Amino acid sequence: MSSISRVLLSLVVFSLVTGTALAGDAATIRGALAKAIPDVKIDSVTPSPIDGLYEVMTGTQLMYVTGDGRYFFDGRIVDLKTRTDISEPRLAAARQQAVAKIDEENMVIFAPDDYKHTVTVFTDIDCGYCRKLHSQIDQYGEEGIRVRYLFYPRAGKGSSAYKDAVSVWCADDRQAAMTDAKSGKEVEAKTCDNPVDEHMALGGDLGLRGTPALVLESGDMVPGYVDPKRLSALLEKSGQ
């Protein structure tokens with residue numbers, strides 16, 4: 001899908017070229033977007049809480065478009081009266097759906113015998129805070145948290161971090177290989193069919209800017225390292 005910046009540029013050009021105000025409804029918006037950016041895949045068009053403004057979901061990205069299909073903006077809407085971010089629930093639901101498309105067989109999972117919560121963590125083998133998080137994997141387990149790892153080597157495909165991710169996946173014991181790699185130990189280089197590219201594509205769709213990045217059961221995304229007890233509290237709060 002086109003980047004938000006490309007969407008913005010295309011829509012601005014489209015509005016300047018047409019200068020047309022059309023009837024405000026979902027069909028009008030879909031038609032306007034199809035003309036401006038033919039390759040965009042629109043999942044839904046629904047009225048927003050603001051009159052005349054519509055929510056448009058494209059994968060895990062949310063934009064707002066005026067009912068005449070002419071103007072749009074990319075950003076969050078905050079209700080100043082209640083001080084709530086009314087965009088986040090829609091984004092969280094989209095994240096939930098996107099992560100759910102990755103089968104657990106294509107994740108490296110560390111699970112205690114008894115757990116209350118599951119967190120999906122995008123990780124980079126070479127990332128310092130990713131290593132700090134993993135060094136406390138037993139403490140997360142003690143808090144009743146199951147950790148599902150997805151690979152997101154920030155240096156990109158072909159980098160040493162990417163190759164290490166593939167080697168961890170292809171190891172006979174993925175959990176042990178992950179722990180060794182996170183400890184700075186050398187992992188035997190191996191190749192095989194792997195989901196690393198799929199993980200990276202999902203991270204890109206979610207707009208990751210760094211690792212670790214945690215996706216909670218609620219679909220909320222938490223960037224950066226979070227210690228076990230604080231993460232447990234966040235999970236309890238998000239589950240309310």
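Okay, T118: this residue sits in strand β8, where helices (H or I, at least four residues) and strands (E, at least two) are DSSP runs numbered from the N terminus. Before I go on, this is a predicted model, where local features need pLDDT of at least 70, side-chain atom pairs count only at pLDDT 80 or more, and totals for chains, interfaces and linings use all residues. Residues are numbered from 1 along each chain as its sequence is written, and side-chain values use heavy atoms, with hydrogens and water left out.

Is T118 buried or exposed? T118 counts as buried, at 12% relative accessibility. For that word, buried means under 20% relative accessible area, exposed means over 50%, and partly exposed is in between, with a 1.4 Å probe and protein chains only. Setting aside neighbours within four places in sequence, T118 is in contact with R146, R148 and E217, contact being heavy atoms within 4.5 Å. With R146 there is also a side-chain polar contact of 3.1 Å. A polar contact is a pair of N or O atoms within 3.5 Å; within protein, one must be able to donate a hydrogen and the other to accept it, and residues adjacent in sequence count only if both atoms are side-chain atoms.

Now the sheet. Four strands make an open sheet, ordered β1-β2-β3-β4, with antiparallel pairing; two strands pair if DSSP finds at least two bridges between them. The edges are β1 (44-47) and β4 (72-73), each with a single partner strand, so one side of each has no neighbour in the sheet. Strand β3 (residues 61-66) pairs with β4 over two bridges, in the antiparallel sense, and V65 is opposite F72 in β4. What packs on this sheet? Helix α3 (residues 88-100) does, touching β1, β2 (53-58) and β3, and its direction makes about 20° with that of β2. Those axes are lines fitted to C-alpha atoms, for helices over the stretch in contact, and angles run from 0 to 180 degrees between N-to-C directions.

On to charges. Side chains of opposite charge can pair when their charged atoms come close. How many salt bridges does the structure hold? There are 14, a salt bridge being a side-chain nitrogen of Lys or Arg within 4 Å of a carboxyl oxygen of Asp or Glu. One of them joins D43 and K41, with the closest N and O atoms 2.6 Å apart; D43 is partly exposed at 37%, while K41 is exposed at 57%. Another joins K116 and E236, at 3.5 Å. That pair links distant parts of the chain, 120 residues apart: K116 is in the loop between β7 (108-110) and β8 (117-123), and E236 is in helix α9 (residues 228-238).

K190 and D172 also meet in a salt bridge, 3.6 Å from N to O. K190 is in the loop between α7 (174-182) and α8 (196-205), and D172 is in the loop between α6 (160-170) and α7. Shared partners also join R76, D85, E88 and R95 into one salt-bridge network.

Last topic, cysteines. The whole structure has one disulfide, meaning a pair of cysteine sulfur atoms within 2.5 Å. C170 and C192 form it, with their sulfurs 2.0 Å apart, and at -95° about the S-S bond the link is left-handed. C170 lies in helix α6 and C192 in the loop between α7 and α8, so the pair ties together parts that are 22 residues apart in sequence. C170 is buried at 11%, whereas C192 is partly exposed at 34%.
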